[in-house]
Amino acid sequence: MYNWGEPFLIKDIFAMISYASDNRCGTTVHTNFNIFSRQMAEETIKSRLTHIYLSIDGATQKTYEKYRVGGCLSKVLENIELIVKKRSQLKSKLPFITWKYLLFPYNADEVTLARQKSKELRIDAFEVFPANLDSLATFGRVKYYDSKSRKVINSSVTDCSAFWDSLFVYPDGSVLPCCSAFREKDVFGNILKQSLRQIWNNRDFLTLRKCLKTRKPEMPLRYPCCECEVIKNMQEKKPLPY
(Lines give C-alpha, C1' and ligand atoms only; values in the text may rest on other atoms or scores of the structure.)
Protein backbone atom coordinates (compact mmCIF):
# COMPACT_ATOMS: atom_id res chain seq x y z
CA MET A 1 0.00 0.00 0.00
CA TYR A 2 2.27 2.69 -1.35
CA ASN A 3 3.32 4.68 -4.42
CA TRP A 4 3.53 8.38 -5.19
CA GLY A 5 2.56 9.45 -1.67
CA GLU A 6 2.90 8.85 2.06
CA PRO A 7 0.69 5.94 3.24
CA PHE A 8 0.49 7.11 6.87
CA LEU A 9 -1.28 10.29 5.76
CA ILE A 10 -4.28 8.18 4.69
CA LYS A 11 -6.92 8.40 7.41
CA ASP A 12 -8.26 4.90 6.71
CA ILE A 13 -4.91 3.16 6.22
CA PHE A 14 -5.29 0.83 9.20
CA ALA A 15 -8.82 -0.17 8.22
CA MET A 16 -7.52 -0.95 4.74
CA ILE A 17 -4.66 -3.06 6.11
CA SER A 18 -7.04 -4.88 8.49
CA TYR A 19 -9.40 -5.64 5.62
CA ALA A 20 -6.56 -7.15 3.61
CA SER A 21 -5.34 -9.12 6.63
CA ASP A 22 -8.85 -10.47 7.29
CA ASN A 23 -8.90 -11.73 3.70
CA ARG A 24 -5.53 -13.48 4.05
CA CYS A 25 -3.58 -10.90 2.03
CA GLY A 26 -0.14 -9.77 3.06
CA THR A 27 0.47 -6.03 3.04
CA THR A 28 3.54 -3.86 2.48
CA VAL A 29 4.02 -0.17 3.15
CA HIS A 30 6.89 2.08 2.06
CA THR A 31 7.09 5.19 4.23
CA ASN A 32 9.38 8.11 5.00
CA PHE A 33 8.17 7.59 8.61
CA ASN A 34 8.12 11.28 9.52
CA ILE A 35 4.39 11.03 10.31
CA PHE A 36 3.80 8.57 13.15
CA SER A 37 2.69 8.35 16.80
CA ARG A 38 2.26 5.91 19.72
CA GLN A 39 -1.36 5.34 18.74
CA MET A 40 -0.38 4.67 15.13
CA ALA A 41 2.27 2.22 16.31
CA GLU A 42 -0.38 0.22 18.17
CA GLU A 43 -2.77 0.36 15.22
CA THR A 44 -0.01 -0.80 12.89
CA ILE A 45 0.56 -3.93 14.98
CA LYS A 46 -3.13 -4.66 15.51
CA SER A 47 -3.94 -4.26 11.79
CA ARG A 48 -1.35 -7.04 11.11
CA LEU A 49 0.71 -5.10 8.61
CA THR A 50 3.10 -7.66 7.12
CA HIS A 51 6.09 -5.58 6.04
CA ILE A 52 7.17 -1.98 6.41
CA TYR A 53 9.98 -0.39 4.39
CA LEU A 54 11.52 2.69 6.01
CA SER A 55 12.93 5.05 3.39
CA ILE A 56 16.00 6.51 5.11
CA ASP A 57 18.80 7.60 2.80
CA GLY A 58 21.48 8.77 5.20
CA ALA A 59 22.86 8.37 8.71
CA THR A 60 23.18 12.10 9.45
CA GLN A 61 20.63 14.88 9.09
CA LYS A 62 22.80 16.79 6.60
CA THR A 63 22.97 13.84 4.22
CA TYR A 64 19.44 12.54 4.86
CA GLU A 65 17.72 15.83 4.00
CA LYS A 66 19.38 16.13 0.59
CA TYR A 67 16.83 13.69 -0.83
CA ARG A 68 14.20 13.60 1.93
CA VAL A 69 13.72 17.36 1.76
CA GLY A 70 12.03 18.69 4.90
CA GLY A 71 12.43 15.37 6.69
CA CYS A 72 13.78 15.01 10.23
CA LEU A 73 16.06 12.03 10.82
CA SER A 74 15.86 12.22 14.62
CA LYS A 75 12.06 12.08 14.43
CA VAL A 76 12.24 9.05 12.15
CA LEU A 77 14.58 7.24 14.56
CA GLU A 78 12.22 8.03 17.47
CA ASN A 79 9.33 6.59 15.48
CA ILE A 80 11.33 3.42 14.82
CA GLU A 81 11.84 3.02 18.57
CA LEU A 82 8.07 3.43 19.03
CA ILE A 83 7.07 0.67 16.65
CA VAL A 84 9.82 -1.76 17.71
CA LYS A 85 8.86 -1.29 21.37
CA LYS A 86 5.13 -1.68 20.67
CA ARG A 87 5.75 -4.80 18.59
CA SER A 88 7.61 -6.31 21.53
CA GLN A 89 4.93 -5.29 24.04
CA LEU A 90 2.18 -6.89 21.96
CA LYS A 91 4.36 -9.99 21.39
CA SER A 92 3.98 -9.76 17.64
CA LYS A 93 6.41 -10.85 14.94
CA LEU A 94 4.86 -8.37 12.49
CA PRO A 95 5.46 -6.08 10.81
CA PHE A 96 8.83 -7.17 9.47
CA ILE A 97 10.83 -3.93 9.36
CA THR A 98 13.35 -3.06 6.64
CA TRP A 99 15.55 0.03 6.47
CA LYS A 100 15.62 0.91 2.75
CA TYR A 101 18.67 2.96 1.82
CA LEU A 102 18.65 4.57 -1.63
CA LEU A 103 22.27 4.80 -2.68
CA PHE A 104 23.49 8.04 -4.27
CA PRO A 105 27.10 9.16 -4.81
CA TYR A 106 26.76 11.65 -1.94
CA ASN A 107 25.57 9.16 0.71
CA ALA A 108 27.68 6.08 -0.07
CA ASP A 109 30.11 6.81 2.76
CA GLU A 110 27.31 6.64 5.36
CA VAL A 111 26.06 3.14 4.51
CA THR A 112 28.15 1.47 7.23
CA LEU A 113 26.98 3.93 9.89
CA ALA A 114 23.35 3.54 8.81
CA ARG A 115 23.64 -0.25 8.93
CA GLN A 116 25.03 -0.03 12.46
CA LYS A 117 22.17 2.24 13.54
CA SER A 118 19.65 -0.23 12.14
CA LYS A 119 21.16 -2.97 14.31
CA GLU A 120 21.06 -0.77 17.40
CA LEU A 121 17.38 -0.04 16.74
CA ARG A 122 16.65 -3.79 16.31
CA ILE A 123 15.46 -3.36 12.73
CA ASP A 124 15.01 -6.72 11.01
CA ALA A 125 16.78 -5.99 7.72
CA PHE A 126 18.93 -3.35 6.06
CA GLU A 127 18.84 -3.13 2.26
CA VAL A 128 20.69 -0.85 -0.13
CA PHE A 129 18.95 0.02 -3.41
CA PRO A 130 20.94 1.81 -6.14
CA ALA A 131 19.10 5.01 -7.08
CA ASN A 132 18.26 5.06 -10.79
CA LEU A 133 18.89 8.73 -11.42
CA ASP A 134 17.19 8.79 -14.82
CA SER A 135 13.96 7.17 -13.69
CA LEU A 136 13.81 9.53 -10.70
CA ALA A 137 13.80 12.47 -13.11
CA THR A 138 10.18 11.82 -14.09
CA PHE A 139 9.55 15.11 -15.78
CA GLY A 140 12.76 14.95 -17.76
CA ARG A 141 11.67 11.87 -19.68
CA VAL A 142 10.95 13.74 -22.90
CA LYS A 143 14.66 14.00 -23.75
CA TYR A 144 14.81 10.19 -24.07
CA TYR A 145 11.63 9.82 -26.07
CA ASP A 146 10.91 10.07 -29.79
CA SER A 147 7.21 10.97 -29.80
CA LYS A 148 6.84 10.23 -33.54
CA SER A 149 8.23 6.70 -33.79
CA ARG A 150 7.47 5.17 -30.37
CA LYS A 151 9.30 2.09 -31.69
CA VAL A 152 11.55 -0.47 -30.11
CA ILE A 153 14.83 0.41 -31.77
CA ASN A 154 16.66 -2.92 -31.58
CA SER A 155 16.07 -6.56 -30.72
CA SER A 156 17.25 -6.38 -27.11
CA VAL A 157 14.24 -4.89 -25.36
CA THR A 158 14.20 -5.41 -21.61
CA ASP A 159 14.06 -7.82 -18.72
CA CYS A 160 11.28 -5.84 -17.06
CA SER A 161 8.90 -8.19 -15.22
CA ALA A 162 6.34 -5.64 -14.02
CA PHE A 163 3.61 -6.81 -16.40
CA TRP A 164 3.75 -10.34 -15.03
CA ASP A 165 4.09 -9.84 -11.29
CA SER A 166 2.39 -6.62 -10.16
CA LEU A 167 -0.19 -3.91 -10.68
CA PHE A 168 -1.23 -0.78 -8.82
CA VAL A 169 -4.77 0.20 -7.83
CA TYR A 170 -5.46 3.87 -7.12
CA PRO A 171 -8.21 5.37 -4.89
CA ASP A 172 -10.60 5.91 -7.82
CA GLY A 173 -10.24 2.27 -8.88
CA SER A 174 -7.82 2.97 -11.72
CA VAL A 175 -5.36 0.15 -12.39
CA LEU A 176 -1.85 1.02 -13.54
CA PRO A 177 0.80 -1.53 -14.54
CA CYS A 178 3.88 -0.43 -12.63
CA CYS A 179 5.30 1.98 -10.07
CA SER A 180 6.43 4.42 -12.77
CA ALA A 181 2.92 4.86 -14.15
CA PHE A 182 0.81 7.69 -12.75
CA ARG A 183 -0.90 9.54 -15.62
CA GLU A 184 -4.37 9.08 -17.11
CA LYS A 185 -2.90 7.66 -20.32
CA ASP A 186 -1.16 4.95 -18.25
CA VAL A 187 -4.46 3.53 -16.94
CA PHE A 188 -5.12 -0.11 -17.93
CA GLY A 189 -8.61 -0.45 -16.45
CA ASN A 190 -10.79 0.24 -13.43
CA ILE A 191 -11.31 -2.30 -10.67
CA LEU A 192 -14.69 -0.75 -9.79
CA LYS A 193 -15.99 -1.44 -13.30
CA GLN A 194 -14.17 -4.65 -14.31
CA SER A 195 -12.97 -7.80 -12.58
CA LEU A 196 -9.31 -8.25 -11.78
CA ARG A 197 -9.18 -11.18 -14.20
CA GLN A 198 -10.60 -9.04 -17.03
CA ILE A 199 -8.03 -6.30 -16.45
CA TRP A 200 -5.06 -8.65 -15.95
CA ASN A 201 -5.72 -10.32 -19.31
CA ASN A 202 -6.95 -7.32 -21.29
CA ARG A 203 -5.52 -6.02 -24.56
CA ASP A 204 -3.19 -3.50 -22.91
CA PHE A 205 -1.51 -6.05 -20.66
CA LEU A 206 -1.32 -8.78 -23.31
CA THR A 207 0.08 -6.46 -25.98
CA LEU A 208 2.86 -5.12 -23.79
CA ARG A 209 3.73 -8.56 -22.47
CA LYS A 210 4.10 -9.70 -26.07
CA CYS A 211 6.31 -6.71 -26.88
CA LEU A 212 8.60 -7.39 -23.95
CA LYS A 213 8.71 -11.15 -24.37
CA THR A 214 9.12 -11.51 -28.15
CA ARG A 215 11.63 -8.63 -28.42
CA LYS A 216 10.67 -7.81 -31.99
CA PRO A 217 12.59 -4.69 -33.02
CA GLU A 218 9.78 -2.80 -34.77
CA MET A 219 6.91 -3.57 -32.39
CA PRO A 220 5.50 -0.29 -31.02
CA LEU A 221 5.30 0.25 -27.28
CA ARG A 222 2.44 2.12 -25.63
CA TYR A 223 2.51 4.17 -22.43
CA PRO A 224 4.14 3.94 -19.95
CA CYS A 225 6.88 1.77 -21.53
CA CYS A 226 7.54 4.11 -24.46
CA GLU A 227 8.69 6.79 -21.99
CA CYS A 228 10.55 4.55 -19.54
CA GLU A 229 14.25 5.38 -19.23
CA VAL A 230 15.09 1.91 -17.92
CA ILE A 231 13.61 0.26 -21.02
CA LYS A 232 15.14 2.93 -23.25
CA ASN A 233 18.60 2.28 -21.80
CA MET A 234 18.20 -1.45 -22.28
CA GLN A 235 17.01 -1.01 -25.86
CA GLU A 236 20.15 0.94 -26.65
CA LYS A 237 22.28 -1.42 -24.53
CA LYS A 238 23.40 1.47 -22.34
CA PRO A 239 24.51 0.77 -18.76
CA LEU A 240 22.15 2.04 -16.09
CA PRO A 241 23.37 5.27 -14.43
CA TYR A 242 24.49 3.78 -11.11
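Select Thr63 first: leaving aside neighbours within four places in sequence, its contacts are Asp57, Gly58, Tyr106, Asn107 and Glu110. The model on screen is a predicted one. Thr63 belongs to helix α3, which covers residues 61-67. Thr63 counts as buried because its relative accessibility is 8%, and the cut-off for buried is under 20%.

**The sheet**

Next, show the strands as a cartoon. Four of them form an open sheet, with parallel pairing, and the order to trace is β1-β2-β3-β4. Colour β1 (28-31) and β4 (125-130): these are the edge strands, and each has a single partner, so one side of each has no neighbour in the sheet. From one strand to the next, the twist averages 25°.

Now select residues 51-55 and residues 96-103, which are strands β2 and β3. Five bridges link β2 and β3, and the pairing is in the parallel sense. To place one of the bridges, pick Leu54 and look across to β3, where its bridge partner is Trp99.

Within helix α4, select Asn79. Is Asn79 buried or exposed? Its relative accessible area is 1%, so Asn79 is buried. Not counting residues up to four places away in sequence, Asn79 touches Phe33, Asn34 and Phe36. Show the side chains of Phe33, Asn34 and Phe36 together with Asn79 to see these contacts.

**The loop between α4 and β3**

Move on to the loop between α4 and β3, where Lys91 is placed. Phi of Lys91 is near 55°, which is a positive value in a residue other than glycine. Lys91 counts as exposed because its relative accessibility is 79%, where the cut-off for exposed is over 50%.

Pro95 lies in this loop between α4 and β3 as well. Select Leu94 along with Pro95 and check the peptide bond that joins them: the bond is cis, with omega about 0°.

**The segment before α1**

Go to Asn3, in the segment before α1. Asn3 is not a glycine, yet its phi is positive, at about 135°.

**The second largest pocket**

The last stop is the second largest pocket, with a volume of about 1000 Å³. Which residues lie nearest its centre? Select Met1, Tyr2, Met16, Val169 and Tyr170: these lie nearest the centre, out of 27 residues that line the pocket.

Then colour α1 (13-22) and β5 (168-169), the elements that give two or more residues to the lining of this pocket. Helix α1 supplies the largest share of the lining, four residues.

To finish, colour the lining of the second largest pocket by residue class. How many of its residues are nonpolar, polar and charged? The lining divides into 17 nonpolar residues, eight polar and two charged.

Terms used:
Residues are numbered from 1 along each chain as its sequence is written. This is a predicted model: local features need pLDDT of at least 70, side-chain atom pairs count only at pLDDT 80 or more; totals for chains, interfaces and linings use all residues. Side-chain values use heavy atoms; hydrogens and water are left out. Two strands pair if DSSP finds at least two bridges between them. Axes are lines fitted to C-alpha atoms, for helices over the stretch in contact, and angles run from 0 to 180 degrees between N-to-C directions. On a 1 Å grid over the protein atoms alone, a cavity is a set of points where a 1.4 Å probe fits but cannot get out, and a pocket is an open set with protein on both sides within 12 Å along at least five of seven lines; lining residues have an atom within 4 Å of a point. Grid points are joined across faces, edges and corners, and a volume is the space filled by probe spheres set on the points. Ala, Val, Leu, Ile, Met, Phe, Trp, Tyr, Cys and Pro count as nonpolar, Asp, Glu, Lys and Arg as charged, and the others, Gly among them, as polar. Buried means under 20% relative accessible area, exposed over 50%, partly exposed in between (1.4 Å probe, protein chains only). Contact means heavy atoms within 4.5 Å.
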